[in-house]
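Subject: Structure handover

Hello,

Here is the structure I promised to pass on. Please open it beside this message as you read.

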Amino acid sequence: MFLSKLDSISNALKLISDNQKLTEVEEIPIVEAHKRVLAEDIISFHDSPPFDKSAMDGFAVIAKDTFGASQSNPKTLKIIDSIGAGDFSDKSLTNEKAILIATGAPIPKGANAVLMKEFTTKNRDELTIYSQVTPGENVSPKSEDIKKGEKILSKNTFIRYQEMGLIASAGYDSVVVFKKPKVKLIVTGNELVDPTKEEIDKAKIINSNKYTIKAMAEDSGAIIQTTYVGDSFKEVKEAILDASNDYDVIITTGGTAISEGDVVLDVVDDIGEILFHGVSIRPGKPIGAGIVNEKMIFTFSGQPVAAMSQFDIFARKYLFEMQGRHFDFHITKRQSQLKIPSSLGRTDFVRAVSDDNYAKHVLNRGSGIIRSMVEANSYIIIDENDEGYQKGDIVDVIFFDSLLW
Ligand SMILES: Nc1nc2c(c(=O)[nH]1)N[C@H]1C(S)=C(S)[C@@H](COP(=O)(O)OP(=O)(O)OC[C@H]3O[C@@H](n4cnc5c(N)ncnc54)[C@H](O)[C@@H]3O)O[C@H]1N2
Ligand code: MOO
């Protein structure tokens, strides 16, 4: 494998999206639906609220009976009933009468407003009122939130906590959602060891990609299993073939460049089809993607920062869209606080600390500097047609947070 001919980022993204797949759907209890994606429209079974309801603790009244009431000019009404939450009154309110009512209880017939308790005093069934209300005041009308039969959410909506409440209020105890994609992460590298507090053998490196890529896949709605193999063609081939039987997507890290031990793309070439290998980006140039056993495989660099950026640029969208969820980069403009060099013909994803106005790139841009990703909250994007930026230039910025919505 040689990395002399590089694809453009747009071509690489197109090759991925041309091979985009969707997961199957499943019906799950609503309580488990948080962060899933709807595979059906939600049509409400109910009105919400289901009746005109009181928005305050107080007295249901006929508004006009209260007109003119004030601290200096109190009026009196007669209390004829009381309604607690979950209760109703079958009494009809007539002039000069009031019914004690709790927040959330149904407004009784005849009443058209609720006077807050604070503006009243009570002596047995005699109510003194010190304020007036207008018709409709402190009443939440029937179906002001949701109308029965109305489409309140569309297929492909991502279910956040807000949608959980809406779907439940519409009467659904279960929903049809897209299945979570199953991802297999195969970490390769003879030099890798598990995290340990003990002294590490000479030439060994702690495997951190397992943890970053796993977390990133989970953030993107996937179920992920991880495994580790050494840099041998045979081991990598077995692991990829095995994963291609049981998983929707395979991700590998390491072995993407051109040394003897960089066998991952040779394996993909042997057992499947390489879509591309090598993209004119930095970091992450040796990224590859392919199809094995009809499954998408992303081959990420071993370098920890390159692997994270490659996930953000190439894999996140694929995983989101597999679950029926639309994904776009949310690009905003900021003023660069520093000069940033780059090369024509290459798209740079420069780690930066950005705020409401400015973006300041992290100075150590090495692909192994995990702390640079921890320090940064965003990428500055340098287009392939730009040869870097001067201090004060307006630059494109993608906040890390925005990659999750
Ligand atoms: N002659 C060339 N050499 C390299 C090129 C090139 O174009 N020509 N590209 C460079 C770039 S850019 C990158 S990125 C790396 C990609 O290398 P590999 O994907 O083959 O990764 P490795 O060699 O296996 O590892 C690189 C580096 O990362 C460490 N590593 C690997 N896996 C992990 C892990 N799971 N957790 C933490 N750290 C890991 C590894 O120990 C190495 O230090 O190639 C350049 N070379
Ligand atoms: O561009 Mo490589 O991805 O680490 O340096």
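Predicted model: local features only at pLDDT ≥ 70, side-chain atom pairs only at ≥ 80, totals over all residues.

**Ligand 1**

Start with the site of ligand 1. The space that ligand 1 takes up is the largest pocket. Around ligand 1 there are 21 residues. The nearest of them are Glu-191, Asn-207, Ser-208, Thr-256 and Lys-285. By class, the shell around ligand 1 holds nine nonpolar, nine polar and three charged residues.

Ala-257 uses its backbone, with a polar atom 3.1 Å from an oxygen atom of ligand 1. Gly-302 also uses its backbone, where an N or O atom sits 3.0 Å from an oxygen atom of ligand 1. How much of ligand 1 does the protein bury? Taken alone, ligand 1 exposes 880 Å², and the protein buries 71% of that.

**Ligand 2**

Now turn to ligand 2. The residues around ligand 2 are Pro-283, Gly-284, Lys-285, Pro-286, Gln-303, Ala-306 and Ser-367. Sorted by class, the shell of ligand 2 has three nonpolar, three polar and one charged residues.

**Ser-174**

Next, one residue in a strand. Ser-174 belongs to strand β12, which covers residues 174-178. The side chain of Ser-174 makes a polar contact with the side chain of Glu-27, at 2.6 Å. Setting aside neighbours within four places in sequence, Ser-174 is in contact with Glu-27, Ile-28, Pro-29, Ile-30 and Glu-40.

**Backbone points**

Last, the backbone. Most peptide bonds are trans, and most residues other than glycine have a negative phi.

- The peptide bond from Ser-48 to Pro-49 is cis, with omega near -5°. Pro-49 is in the loop between β2 (42-43) and β3 (53-54).
- The peptide bond from Arg-282 to Pro-283 is also cis, with omega near 0°. Pro-283 lies in the loop between β19 (281-282) and β20 (288-292).
- Ala-203 is not a glycine, yet its phi is positive, near 75°. Its place is the loop between β14 (192-193) and β15 (205-206).

Best wishes

Conventions. Residues numbered from 1 in each chain as written. Chains lettered and ligands numbered in written order. Heavy atoms only, no water. Near = heavy atom within 4 Å. Polar contact = N/O pair within 3.5 Å; in protein donor to acceptor, adjacent residues only side chain to side chain. Areas by Shrake-Rupley, 256 points an atom, 1.4 Å probe, with all protein chains shown as cover. 1 Å grid on protein atoms, 1.4 Å probe; cavity = no way out; pocket = protein on both sides within 12 Å on 5 of 7 lines; lining within 4 Å. Sits in = over half its atoms within 2 Å of the grid points. Nonpolar A, V, L, I, M, F, W, Y, C, P; charged D, E, K, R; others polar. Helix = DSSP H or I, 4+ residues; strand = E, 2+ residues; numbered from the N terminus. Contact = heavy atoms within 4.5 Å.
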